[in-house]
Amino acid sequence: MEHSCIMLDTSFFIRLLNEQDALHENALAYYQYFLEKGHVLKVSTISIAEYCVKGDIDELPLHDIQVIPFNVSHAIQAGNFASFVFQKRDTLSLPDRKIIPNDTKLFAQADTETQILKFATSDLGCIKVFNLLNEHFKLKFEIINIRIPHTQTFGLLDLK
């Protein structure tokens, strides 16, 4: 895998920063792997806002991560994505989920920022929205589901 930019979403940070979380070890292994391999890590101001609902910005490892502000080109693409997802929301089986505000905005950022090739998340609803959008828009990035160990995702030997 070539060095690339990887966007980390809120669910990634929740798992990374909570040692009691069932996916903490996976998130930590991904994070260490990304850094060891020289990948550029990015986070949206949207994810920072989501994290700060229950956490503090000082908890985020921003010394290793570039922050991407949400801008006008992101907003235009988010509107296109949200319109499509809203029309297809009944096919997603996501009860009571607000699909327009954040998932579509984050995906618009990742798709608009040409250097982002991967989007790391543990959020299964987010992955459903991605799959729907990707079928229609052919997004420029892939999802990394951190529920799957990094050794499996990247075809590495697990020497544990």
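In this predicted model, Arg15 counts as buried because its relative accessible area is 18%, and the cut-off for buried is under 20%. Arg15 sits in helix 1, which runs over residues 10-17. Looking past its neighbours within four places in sequence, Arg15 is in contact with Asp21, Leu23, His24, Ala27, Ser122, Ile146 and Arg147.

Next up is helix 4, covering residues 72-88. With 17 residues at 1.5 Å a residue, helix 4 should span 24 Å, and that agrees with its end C-alpha atoms, which are 24 Å apart. The buried residues of helix 4 are His74, Gln77, Ala78, Phe81, Ala82, Phe84 and Val85. Seen down the helix axis, these buried residues fall within an arc of 165°, so they line one face of helix 4. Over on the other side, Val72, Ile76 and Gln87 are exposed. As for what covers the buried residues of helix 4, the list includes strand 3 (65-68), helix 5 (103-112) and helix 6 (124-137).

In soluble globular proteins, nonpolar side chains tend to be buried together. Here, the largest nonpolar core has 24 residues, and Phe107, Phe119, Leu133 and Phe141 have the most contacts inside it. At least two residues of this core come from each of strand 1 (5-8), helix 4, helix 5, strand 4 (116-121) and helix 6. Helix 6 gives the most, with six residues. Take Phe119: leaving out residues up to four places away in sequence, Phe119 touches Met7, Asp9, Leu106, Phe107, Ala110, Cys126, Phe141, Glu142, Ile143 and Ile144. A second, separate core has 20 residues, among them Ile6, Phe12, Tyr30 and Phe154.

Key: Residues are numbered from 1 along each chain as its sequence is written. This is a predicted model: local features need pLDDT of at least 70, side-chain atom pairs count only at pLDDT 80 or more; totals for chains, interfaces and linings use all residues. Side-chain values use heavy atoms; hydrogens and water are left out. Helices (H or I, at least four residues) and strands (E, at least two) are DSSP runs, numbered from the N terminus. Buried means under 20% relative accessible area, exposed over 50%, partly exposed in between (1.4 Å probe, protein chains only). Contact means heavy atoms within 4.5 Å. The expected span of a helix is 1.5 Å times one less than its number of residues. The arc is that of the directions from the helix axis to the C-beta atoms. A nonpolar core is a set of buried Ala, Val, Leu, Ile, Met, Phe, Trp, Tyr and Cys residues joined through side-chain atoms within 4.5 Å.
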